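Here are my notes for you, written with the model open beside me. Have a look at the structure first, then go through the points in order.

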Amino acid sequence: MPREYGRYLATTHDDADWHSLTTTQHDCYMALLSSRDLSYAGVVPYLPGRFASLAADLTANKVEKAWTQLAARRFIVIDQATSEILLRTYVRHDGVLTGPVNLTKAFVNAYGRVRSEALREVIARHDL
């Protein structure tokens, strides 16, 4: 069953790191968070062209630049070899591992589908 929503925490507005991002970076992060393709492991496909189509003034290059900047600030982790992006704190903040057993099972299944060893290591280290 695909996800229907992404949790957005009100405390985000108290986060100095979030305040230091640009509007484009905010929008690109929120597009990842609300993507139907976001797995319960917090991984979404690296498809800048698809995300660029979500706003009239976005291009694939602008999306890639924003994602690179978000990665440099540790909001996301990118593995271009496997075309995957990890929203680093998704599992922690979305309550995936503290929710009902079915949600935890969905996480385990999603984790098993992560192709990137680097992303799997970040998730396994709980570097979330």
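1. A cut-off to start with: a residue is buried under 20% relative accessible area, exposed over 50%, and partly exposed in between. Keep in mind that this is a predicted model.

2. On that scale, aspartate 37 has a relative accessible area of 36%, so this residue is partly exposed. Arginine 50 comes out at 46% and is therefore partly exposed as well.

3. Those two residues belong together: aspartate 37 makes a salt bridge with arginine 50, and their closest N and O atoms lie 2.3 Å apart. The bridge joins distant parts of the chain, with aspartate 37 in the loop between helix 2 (23–33) and strand 1 (43–45) and arginine 50, 13 residues away, in helix 3 (residues 48–52).

4. Now for the hairpin. Strand 2 (residues 76–79) runs antiparallel to strand 3 (residues 84–87), and the two are paired through four bridges. Across the pair, isoleucine 76 sits opposite leucine 87 of strand 3. Four residues separate the two strands, and in the turn serine 83 has a positive phi of about 55°.

5. Is arginine 88 buried or exposed? Its relative accessible area is 14%, so arginine 88 counts as buried. You'll find arginine 88 in the loop between strand 3 and helix 5 (90–94). From there, its side chain reaches the backbone oxygen of arginine 74 at 2.6 Å.

Terms used:
Residues are numbered from 1 along each chain as its sequence is written. This is a predicted model: local features need pLDDT of at least 70, side-chain atom pairs count only at pLDDT 80 or more; totals for chains, interfaces and linings use all residues. Side-chain values use heavy atoms; hydrogens and water are left out. Two strands pair if DSSP finds at least two bridges between them. A salt bridge is a side-chain nitrogen of Lys or Arg within 4 Å of a carboxyl oxygen of Asp or Glu. Buried means under 20% relative accessible area, exposed over 50%, partly exposed in between (1.4 Å probe, protein chains only). A polar contact is a pair of N or O atoms within 3.5 Å; within protein, one must be able to donate a hydrogen and the other to accept it, and residues adjacent in sequence count only if both atoms are side-chain atoms.
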